[in-house]
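Trainee: Could you walk me through this protein, one step at a time? I would like to learn how to read it.

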Amino acid sequence: MSYSEEERQKVCESCGKLNHIIIAYAGDYRANERESTTCFDCGAVVDREKCLAIFSGETPEAAKLPLRKMQNKA
């Protein structure tokens, strides 16, 4: 099984803040489900993806931290 990560940037349509987004994909497609992430500032949904996990933050590091915690790597 392979695992991959993707980084994106999206501007929140509600407040205009730039969100850094990290998306983790499971190699076994059955483990990927429709997930969403919210703006770090206002809480509005900023992105949706069929994935294992998706997180957003003010910086790339802030977005990655909850993912690394989920993986027990932080």
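Mentor: Two notes before we start. This is a predicted model, where local features need pLDDT of at least 70, side-chain atom pairs count only at pLDDT 80 or more, and totals for chains, interfaces and linings use all residues. Residues are numbered from 1 along each chain as its sequence is written, and side-chain values use heavy atoms, with hydrogens and water left out.

Trainee: Which pattern does the protein follow along the sequence?

Mentor: Helices (H or I, at least four residues) and strands (E, at least two) are DSSP runs, numbered from the N terminus. The protein has one helix and five strands. Read along the sequence, they give β-β-β-β-β-α.

Trainee: How many bridges join strand 1 to strand 2?

Mentor: Two strands pair if DSSP finds at least two bridges between them. Strand 1 (residues 3-11) and strand 2 run antiparallel, and they form a hairpin with six residues between them. The number of bridges joining strand 1 to strand 2 is nine.

Trainee: In strand 5, which residue is the bridge partner of histidine 20?

Mentor: Strand 2 also pairs with strand 5 (residues 53-57), in the antiparallel sense, over five bridges. In strand 5, the partner of histidine 20 is glycine 57.

Trainee: How many residues of strand 2 are buried?

Mentor: Buried means under 20% relative accessible area, exposed over 50%, and partly exposed in between (1.4 Å probe, protein chains only). Strand 2 covers residues 18-26 and is mostly covered. Of its nine residues, the number buried is eight.

Trainee: Is cysteine 15 buried or partly exposed?

Mentor: Its relative accessible area is 32%. Buried needs under 20% and exposed over 50%. Cysteine 15 therefore counts as partly exposed.

Trainee: Is methionine 70 buried or partly exposed?

Mentor: Methionine 70 is found in helix 1 (residues 60-70). Its relative accessibility is 44%, so methionine 70 counts as partly exposed.
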